[in-house]
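Have a look at the sequence and the structure first.

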Amino acid sequence: MLRKMGEAVARVARKVNETVESSSDTLDLADCKLVSFPICIYKVLRNVSDQIHLITLANNELKSLTSKFMTTFSQLRELRLEGNYLHRLPNEVSSLQHLKAIDLSRNQFQDFPEQLTALPELETINLEENEIVDVPVEKLATMPALRVINLRLNPLSAEVRVIAPPLIKFDMLMSPEDTQVPLP
């Protein structure tokens, strides 16, 4: 077990070093078995954090992200967090003023992360396969750049399915079983 842990740590270190050495705008830590974002990475990336525009933390075991993560990588354009155990985002996600796409699919959100509605550049929100019932349709309708929100495989309420279509100017993707309103 220690050997596997050592290999995982070495893999993360290698990926972070590649980002720094190549002055890449991408940090890919997908499939690294992370349970939290390693604190040491903040120090290693402190001189290049403003240059990073895409972070992938997909398919790890993350249960939360810290406010420091959001404020450190405030220049992000895309954040891929699919396949974790996240159930909420820190309020500081509002510091990601340049974010265009966020993938939160296959997590454990029960509540729609309303902080996302304050992001002026956000075009794509993927919340597929969570446990979301209610969606702030009115707030989403005021988002200037929003083009697509994927809510497939969520137990959306009948109210959301009825109210949303006439109010929105973007594509709201829902599972076929979610689009049928049950008869009273």
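Glu-159 sits in helix 5, which spans residues 158–167; helices here are DSSP runs of H or I with at least four residues, strands are runs of E with at least two, and both are numbered from the N terminus. At 53% relative accessibility, Glu-159 is exposed, where exposed means over 50% relative accessible area, buried under 20% and partly exposed in between (1.4 Å probe, protein chains only).

## About the model

This is a predicted model, in which local features need pLDDT of at least 70 and side-chain atom pairs count only at pLDDT 80 or more, while totals for chains, interfaces and linings use all residues. Residues are numbered from 1 along each chain as its sequence is written, and side-chain values use heavy atoms, leaving out hydrogens and water.

## Overall build

The protein has six helices and seven strands, in the order α-β-α-β-α-β-β-β-α-β-α-β-α along the sequence. Its C-alpha atoms fill a box of roughly 60 × 35 × 25 Å along the principal axes. Of the 184 residues, 45% are buried.

## Salt bridges

The structure holds five salt bridges, each a side-chain nitrogen of Lys or Arg within 4 Å of a carboxyl oxygen of Asp or Glu. One of them pairs Glu-123 with Lys-100 at 3.8 Å, N to O. The two are 23 residues apart, with Glu-123 in the loop between strand 4 and strand 5 and Lys-100 in the loop between strand 3 and strand 4.

Glu-123 also bridges to Arg-147, with the closest N and O atoms 3.6 Å apart. Arg-147 lies in the loop between helix 4 and strand 6, so this pair ties together parts 24 residues apart in sequence. Lys-100, Glu-121, Glu-123 and Arg-147 are linked in a network of salt bridges.
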